[in-house]
Amino acid sequence: MRFEGNERLEDTSACAGIRADLKMCLLESDCCKKDKRTPRECLQSNLVPEECQVLRNTFFECKRSLLDNRMRFRGHKGY
């Protein structure tokens, strides 16, 4: 997600950037805009674009890396 100037996310957790990108991708999808569904319903019914599916998988990997003890040395995934 691109920010202009001094804009920053309020959430500073390890996967906050990916979460924000996934949220915006889902809200801008046709499923949420045209069909008036919630982002959760769109994800469960797989009616989202490929880009959102990739972000969902990346978010999953980021959250999983928080639980993986090997990641203490390698660092958390995400941005």
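**Notebook: cysteines and helix 4**

I find that Cys-25 and Cys-52 are both buried. The model I am reading is predicted.

**Entry: the disulfides**

How many disulfides does the count give? I get three disulfides.

I started with Cys-25 and Cys-52, which are joined by a disulfide with S to S at 1.9 Å. Cys-25 sits in helix 1 and Cys-52 in helix 4, so this pair ties together parts that are 27 residues apart in sequence. I looked up the torsion about the S-S bond of Cys-25 and Cys-52; it is about -100°, so this disulfide is left-handed.

Next I took Cys-15 and Cys-62. They form a disulfide with sulfur atoms 1.9 Å apart. This pair links distant parts of the chain: Cys-15 is in the segment before helix 1 (16-27), and Cys-62 is in helix 4, 47 residues apart. The link of Cys-15 and Cys-62 is left-handed, with -95° about the S-S bond. I noted Cys-15 and Cys-62 as buried.

Then came Cys-31 and Cys-42, joined by a disulfide with S to S at 2.1 Å. This pair also links distant parts of the chain: Cys-31 lies in helix 2 (residues 30-33) and Cys-42 in helix 3 (residues 39-44), 11 residues apart. The torsion about their S-S bond is about -95°, so I wrote down left-handed. Cys-31 counts as buried at 2% relative accessibility. Cys-42 counts as buried at 0%.

I numbered the bonded cysteines in sequence order and read the pairing as 1-6, 2-5, 3-4.

**Entry: Cys-32**

The cut-off is 2.5 Å. I have Cys-32 as buried, at 10% relative accessibility.

**Entry: helix 4**

I checked the length of helix 4 (residues 50-67). Its 18 residues should span 26 Å at 1.5 Å a residue, and the end C-alpha atoms are 26 Å apart, which agrees.

Which residues of helix 4 are buried? I list Cys-52, Leu-55, Phe-59, Cys-62 and Ser-65. Seen down the helix axis, they fall within an arc of 140°, so they line one face of helix 4. The face turned away from that buried side carries the exposed residues Glu-50 and Leu-67.

I looked at Ser-65 again. It counts as buried at 4% relative accessibility. A polar atom of its side chain lies 2.7 Å from the backbone oxygen of Cys-62.

**Entry: the salt bridge**

I count one salt bridge. The side chains of Arg-64 and Glu-61 meet in it, at 2.9 Å, N to O. Both residues lie in helix 4, three residues apart, about one turn of the helix. Arg-64 counts as partly exposed, at 46% relative accessibility.

Key:
Residues numbered from 1 in each chain as written. Predicted model: local features only at pLDDT ≥ 70, side-chain atom pairs only at ≥ 80, totals over all residues. Heavy atoms only, no water. Helix = DSSP H or I, 4+ residues; strand = E, 2+ residues; numbered from the N terminus. Expected span 1.5 Å × (residues − 1). Buried < 20%, exposed > 50% of the residue type's maximum accessible area, 1.4 Å probe, protein only. Arc of directions from axis to C-beta. Polar contact = N/O pair within 3.5 Å; in protein donor to acceptor, adjacent residues only side chain to side chain. Salt bridge = Lys/Arg side-chain N within 4 Å of Asp/Glu carboxyl O.
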